[in-house]
Amino acid sequence: MGHFNKKIEAKVRELGGKKSLYSNAFYPRETFWQLYGKTTYRQLKARYDPTNKMKDLYEKRVLAK
């Protein structure tokens with residue numbers, strides 16, 4: 001599942017970029033948060049969703065392997 005998407009993610013990282021999150025992603029959790037700013041995201045989430053009513057970004061965009 002996600003064969004070509006995973007290839008795109010690897011190539012984009014190789015070139016120093018980030019894949020936009022318009023579709024599902026297949027990154028391991030640690031890699032995802034390194035790319036997409038875990039600390040800043042957590043600060044914003046705590047401010048705007050303090051009761052965690054919505055899933056976090058990783059849960060919304062990444063498909064489990």
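Me: What makes the side chains of Asp56 and Arg42 a polar contact?
Reply: The pair lies at 3.3 Å. A polar contact is a pair of N or O atoms within 3.5 Å; within protein, one must be able to donate a hydrogen and the other to accept it, and residues adjacent in sequence count only if both atoms are side-chain atoms. The Asp56–Arg42 pair is therefore a polar contact.

Me: What are these values based on?
Reply: This is a predicted model, where local features need pLDDT of at least 70, side-chain atom pairs count only at pLDDT 80 or more, and totals for chains, interfaces and linings use all residues. Residues are numbered from 1 along each chain as its sequence is written, and side-chain values use heavy atoms, with hydrogens and water left out.

Me: Why is Asp56 called buried?
Reply: Its relative accessible area is 9%. Buried means under 20%, exposed over 50%, partly exposed in between (1.4 Å probe, protein chains only). So Asp56 is buried.

Me: Why is Lys38 called partly exposed?
Reply: Lys38 has 41% relative accessibility, so it falls in the in-between class.

Me: Which residues does Asp56 contact?
Reply: Beyond four places in sequence, Trp33, Tyr41, Arg42 and Lys45. Contact means heavy atoms within 4.5 Å. Trp33 in turn touches residues including Lys38 and Tyr41, again beyond four places.

Me: What makes a set of residues a nonpolar core?
Reply: They are buried Ala, Val, Leu, Ile, Met, Phe, Trp, Tyr and Cys residues joined through side-chain atoms within 4.5 Å. The largest one here has 9 residues, among them Trp33 and Tyr41.
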